[in-house]
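Please look over the sequence and the model shown here, and then read the short report that follows.

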Amino acid sequence: MIDHSLGEFEELVLLMVAALHDEAYGVSILDELEAKLGKSLNISAVHVALKRMENKGFVRSRYGGITSDRGGRRKKYYVVTALGKKMLDTQYELRNSIYKRIPKISFG
Amino acid sequence: MIRPPAKASAFLRWFCREDCIEEVEGDLIEIFDKEAIQFPQRARWKFVWSVIKHFRPEYIKPLGKFNLKTIAVHKTYFTIGWRNLLRQKGYSAINIGGLAIGMMVAILNGLWIFHELSYNQYFENYDRVAQVAESGIRQENGEPYLATTMTFPLSTALRENYNQHFKHVVRTTFSMEKILTAGDTKILSAGLSADPEIAEMLTLKMIRGNRKALEPMHSIILSKSIAIALFGDADPINKTVRLNNSSDVKVTGVYEDFPGNTTFSDVKFFTPWSLFVTENKWIQQRALTDWRNHFLRIYVEVPEDQTYDVVSGKIRNALHFAPEDIEQRKKENAALTLYPMSDWHLHPTYVRQGQMQPLLMIKLVGAIGAFVLFLACINFINLSTARAEKRAREIGVRKTIGSDRSRLITQFFTESFLIVVLSFAVSLMLTILILPLFNKITTDQVRIPFTSAWFWVSVILIIFITSLLAGFYPAIYLSSFNPIRALKGSLKTGKITSIPRKVLVVFQFSISVILIIGTAVVYRQIQYAKDRPVGYDRNGLIMVHKRTDDFTGKYQILRDELKKTGTVYEVSESMGPATQMYSNNNGWQWGNHEPNWDQSFGTLAVSALHGKTIGWEFIQGRDFDPAILTDSSGIVINESALKFMGLENPIGEPVSWYWWTDKSRVLNYKILGVIKDPVMESPYGSTEPAIFFLKGHNGSTSWINIKIDPKVSMSKALPVVEKVFKNIVPAVPFEYEFADEEYARKFGKEETIGNLATFFAILAVLISCLGVLGLASYMAETRVKEIGIRKVLGASVAGLWRLLSVDFVWLVLIACLISAPVAYLLMNQWLQKFEYRTGISWWLFVETAVCATAITLITISYQAIKTARLNPVKTLRSE
């Protein structure tokens, strides 16, 4: 049985994959996330999140061409799948609907 | 350009799944490259850290995918090795059996050596406890000595003026046997009187009470075994124990018995030093300031930050001499020294004549263990190279298909490893089975330390060394075959290839023959000393030690009662048991000589009729006669004394004895008789000149000797004697010793060595025979066709038997020739330690050679005759 839940960090990575579209691979996701979150992360966390989400069917991957950088290793690009997009939408809807219920109280 | 750490990359590639490696390694390198421009060191750390962080289930290959090829190859090594084992069951049995016996000997010897080397290590302060000793150079022979019996004033000085250099200074007595009585239970046991700090110094493991338990004057601490013997399951604390039927002490503690490999293993209880001093009035009266009276031992514990050398330097001035001795002791260069606990067992102060230095013994046992193991390895080498032709084709095929030499070597090593591991399992079982017997022979308590890590490390070492030793040559030899020749079947198996095998067989038999000869010589020496004329009759002689004052004034009535029973031939008293010489004295004067201070005579106070009781053999003169009053100033001397004195007509000659501390005290004697030398000390040494008297300067009689009437059997006489003792001295348990048993004890060590040598010799011969059996059956197998043809042409079974045996007989004879001189040299050297020794005659070598040849012939004959009797029709049919 496949687990369809989405962890907090996974959600961030999935958002980033969707945002970067076609340019999302390990290092670019890491860099963007680090910039947005303002803290340093380890690449393994990103890799694990990507791998799990690929198993859950939220992202799809393909290999790029061989270059002389990266020790001759190809980049693995990720794109969000329809299911992944739906998941993001649901999450967004959920949060938004609850957020809207917050009474307008001014904190000041 | 900086590269990422190679080891981390290699690790990543080793564990990471194939479908992830592109992404993971690529990303890691990209990050590394970016960062390395600015912070190369940080980039490296980060790379390593990231690799480690990727080492998680999602990225690790499934187990089966690891090194798939190598695992399979290793598996085939074992499979094929196992099949080879099963295919040749007979050879495998010989191999495993021989190796197992060899390893068993190695294990036993290793355990014994460990047991010896760990002597006294039971005590936690092993490294810091020492005995105070006097060292110096003996004037007579220029040899160094180390004396450990000390004087009272020295102990006082060390305890009072030098105690800042020590953690503890403890005085003890010698271990003394005492009668312990609790209620109706009486037991005889050895113990020490010691200062209370002994408990801390020897780190007694207290089961009851604490390490201060010896502080009250009337206290005693018991070992667990004695506590159980005296009180059973009841709580011994605060119970009263009576010592030697005279003083009552209270049990204040119970400690764990000392193990067998400690110097104090015979000590079963401790009583306070203060009690010892109080009960022995003479100490207060004479010994407190006497620098000549040596009667106690002093043990010290040095502080953790000190060395023995430093401390012994600091106490040098504590030693004083009596004014009369100063000159002599200065000449001897006498000085105080510390004799560390670690040396007590391995470097004893005194080695009895003929006995071996412990370190030498350890080396010898180690060498024998190694040699026997090596013999077993030789079997393995011989059998596997001899059988090489059987596997030549297999090797040829393997090489043709593409197996390289290292693979083949690994294959053969794996096979020997397999055999060694199996042998080890067998040998461990054998060791467990045989250990009780081994302990009985060595009178030690060797155990297998299954819980010790060191034991298992050594086990693994033994397994590896043995597999290397046994597997090395066969692996190199077998893997060197030329595949073409091997496949054609034209592999040379002639004379040259069998030479190393023959050399090894000769070597093997040489060792066995040396062990046989050694064993024979040890036994001959013991027998020779046992057959030595003893000068008195030990049969039917029992000796009773008068341990307590309960005997005082009871001797005459005891003697009368014993004689009345009709089972006792004669009774006498003596200062020591008949089988031992207890004291030595100088100051004898005879003829025109000055009093002789250099030569000490063995001296023994006896009662009249002692000669009749123990059966002295008189050469001249007569025994003391109780009816003649003047005999109280008579002496009996032995033959050695006569020779030393050089008297022509000894009977009636006057002899005087000057007392060493007070030369005005003189005793005048007349010689009554001369007896044949009684052997009272080492049966291997020459007899010391000895003088027997009724009344002397020192020493009273403390032993009763009872000669049972030869017409009465010992089993009938003992209860009668016991009854008399029970009636007259009821307070003392009737404890006696047989003179013949006591005498036999003098041979204990040598007999142990003899028994051990037999044990090893039998095993060595067994291993060698196993090897020969294997080789012989193999030879017979390869020559089966030749023998068939010979039979067809008319050869007889006897002729064929000779044909098959003669090769081996030659090898054994060569081995005998080689080993005879070696054995002669070794054993001759051993015999030199004994003054009274047997020679090694040439027929011993002949006997051994005949024996070895006979054993070999018997071993191979079975195989040879079986082969010679095969039907040639059957053996020749296949071609």
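Against which strands of chain B do the buried residues of α8(B) pack? They pack against β5 (176–182), β6 (185–194), β8 (219–223), β9 (240–243), β10 (247–255) and β11 (269–272) of chain B, where helices (H or I, at least four residues) and strands (E, at least two) are DSSP runs numbered from the N terminus.

This is a predicted model, in which local features need pLDDT of at least 70 and side-chain atom pairs count only at pLDDT 80 or more, while totals for chains, interfaces and linings use all residues. Residues are numbered from 1 along each chain as its sequence is written, and chains are lettered from A and ligands numbered from 1 in the order in which they are written.

In helix α8 (residues 224–231) of chain B, the buried residues are B:Ile226, B:Ala227 and B:Leu230, a residue being buried if 20 or more other C-beta atoms, placed from the backbone, lie within 10 Å of its own. Seen down the axis of α8(B), these residues fall within an arc of 100 degrees, so they line one face of the helix; the arc is that of the directions from the helix axis to the C-beta atoms. Just after α8(B), B:Gly232 has a positive phi of about 60 degrees.

Strand β4 (residues 168–172) of chain B is mostly covered, with five of its five residues buried, and its residues point two ways, as tabulated.

| Direction from β4(B) | Buried residues |
|---|---|
| One way | B:His168, B:Val170, B:Thr172 |
| The other way | B:Val169, B:Arg171 |

Five bridges join β4(B) to the antiparallel strand β12 (residues 294–301) of chain B, and B:Val169 stands opposite B:Val300 in β12(B).

Methods: Buried ≥ 20, exposed ≤ 12 C-beta atoms within 10 Å, placed from the backbone. Pairing = 2+ DSSP bridges. Contact = placed C-beta atoms within 7 Å.
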